[in-house]
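Me: I would like to go through the packing, local geometry and overall layout of this structure. Please answer each point briefly and state the criterion behind each term.

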Amino acid sequence: MIIGQGKGMAWQVALLLALCWLLLSLPAVAEEKAAAASPSVESCADLAALFVRQEEHTSRELRQLKRDLAALSQKLEEPGTSEIFGGIGYIFGIFGVAAYVASRRRDGGRGN
Amino acid sequence: MHISDGVLPMSVTLASAVVTVAGVALSLRQVRNEELPKIAVVTSSFFVASLVHLPFGPTSVHLILPGVVGALLGPASFLSIALGLFLQSLLFQFGGLTALGANALMMGLPALLCGLLFQSLRGTTLVRHGIAGAVCGGLGTLLAALILAALLALAGEDFFGVAKIALLAHIPVFFVEAGVSAFAVTFLFRVKPELLAGGRPGR
């Protein structure tokens, strides 16, 4: 029991230490990453140029997306094969029923 | 060349719907039983023809085929066109259900007239059939554009302005329709001339 308790304590201490180390090291990692991502940022002018570049890039991608969206919506409006064949099927079906009714009427007349 | 929902005022919509119902009823009385398969085939051709789009400038126009329908079906062509337009408005969202009457008038009346004209123009030779088909094909589209302008004029638009735009936009269609109709009619004349009797017993 004592041994078990000691083991539990040791785990907790190790976990605490690891947490402390992680917390201490996090800001440093973030700073390093930021420095790596924007190596050329030194002045306000550089920053502005970077913004402009990113803005151009984003708007280009947005334009492309809008074009794709318009093409897609136009494509969705066009009737597909299922509608075309469905319509032809309706027409043949309607006239088939009409022919059936007509033939039955004629046969009935002949029978009487 | 379809009129959409809500373009025409209520009075014109109702009046054209009434005329269309009357036309379909009259057309139904003309149908003979043995013609039903022919009407079915022609109706489905008409139904699909409007999907054949021709790019024309910024817009695109499509085949209508009232001339061929009239030439092949005669008085039954009105029924055929009304049914084709009904299914087009349901499945393709061409035109609208409330404008169905106006659309049926716009394409059905030229078909009826073309049917009569074709019967009087067609002689017994292949060349005369071709000419009659071409005339009916072109004239059917022309009349449809004029009826469109007349219907929109009833809705308060300027008749000559609309007519001019509708005719200009369909100039390529007149020629394509004339060509397609002449081809279809001459082909049928060679392989199955009794189809061209236009609703009357042909043999």
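**Helix packing, burial and chain layout**

Me: Is the crossing in which α3(B) passes α8(B) left-handed or right-handed?

Reply: The model is predicted: local features need pLDDT of at least 70, side-chain atom pairs count only at pLDDT 80 or more, and totals for chains, interfaces and linings use all residues. Residues are numbered from 1 along each chain as its sequence is written, while chains are lettered from A and ligands numbered from 1 in the order in which they are written. Helices (H or I, at least four residues) and strands (E, at least two) are DSSP runs numbered from the N terminus. A crossing is left-handed if the near helix is turned anticlockwise from the far one by less than a right angle and right-handed if clockwise; that of α3(B) and α8(B) is right-handed.

Me: How do the residues in the contact of α3(B) with α8(B) divide by class?

Reply: Two residues are in contact if their C-beta atoms, placed from the backbone, lie within 7 Å. Ala, Val, Leu, Ile, Met, Phe, Trp, Tyr, Cys and Pro count as nonpolar, Asp, Glu, Lys and Arg as charged, and the others, Gly among them, as polar. From α3(B), B:G67, B:V68 and B:A71 meet B:E177, B:S181, B:A184 and B:V185 of α8(B). By class, these are four nonpolar, two polar and one charged.

Me: What orientation do α5(B) and α6(B) have to each other?

Reply: Helix α5(B) packs on α6(B), residues 126-154, with their axes 8 Å apart and at an angle of about 150 degrees. Their orientation is therefore roughly antiparallel.

Me: How many nonpolar residues does the contact of α5(B) with α6(B) have?

Reply: Residues on the α5(B) side include B:L105, B:M106, B:L109 and B:L113, and those on the α6(B) side include B:V135, B:L139, B:L143 and B:I147. The contact has no charged residues and one polar residue, while its nonpolar residues number 21.

Me: Is B:G101 buried or exposed?

Reply: B:G101 lies in α5(B), residues 100-121, and it touches B:T13, B:S16, B:A17, B:V19 and B:T20, not counting residues up to four places away in sequence. A residue is buried if 20 or more other C-beta atoms, placed from the backbone, lie within 10 Å of its own, exposed if 12 or fewer, and partly exposed in between. With 26 such atoms, B:G101 is buried.

Me: Which residues is B:L83 in contact with, leaving aside its neighbours within four places in sequence?

Reply: B:L83 is placed in α4(B), residues 77-91, and is buried, with 23 C-beta neighbours inside 10 Å. Its C-alpha atom is 7.5 Å from that of a residue 40 positions away in sequence, B:T43. Apart from those sequence neighbours, the contacts of B:L83 are A:I91 and B:T43.

Me: What is the radius of gyration of chain B?

Reply: Chain B has eight helices and two strands, in the order α-α-β-β-α-α-α-α-α-α from the N terminus. The radius of gyration is taken over C-alpha atoms, and the globule rule is 2.2 Å times the number of residues to the power 0.38. For 203 residues the rule gives 17 Å, so chain B is as compact as a globular protein of that length, with a radius of gyration of 16 Å.

Me: What percentage of the residues in chain A is buried?

Reply: Chain A comes to three helices and zero strands. Of its 112 residues, the buried part is 3%.

Me: How many nonpolar residues are on the side of chain A that touches chain B?

Reply: The contact between the chains takes 14 residues from chain A and 14 residues from chain B. On the chain A side, two residues are polar and two charged, and the number of nonpolar ones is 10.

Key
Axes are lines fitted to C-alpha atoms, for helices over the stretch in contact, and angles run from 0 to 180 degrees between N-to-C directions. Angles under 35 degrees count as roughly parallel, over 145 as roughly antiparallel, 65 to 115 as roughly perpendicular and the rest as oblique.
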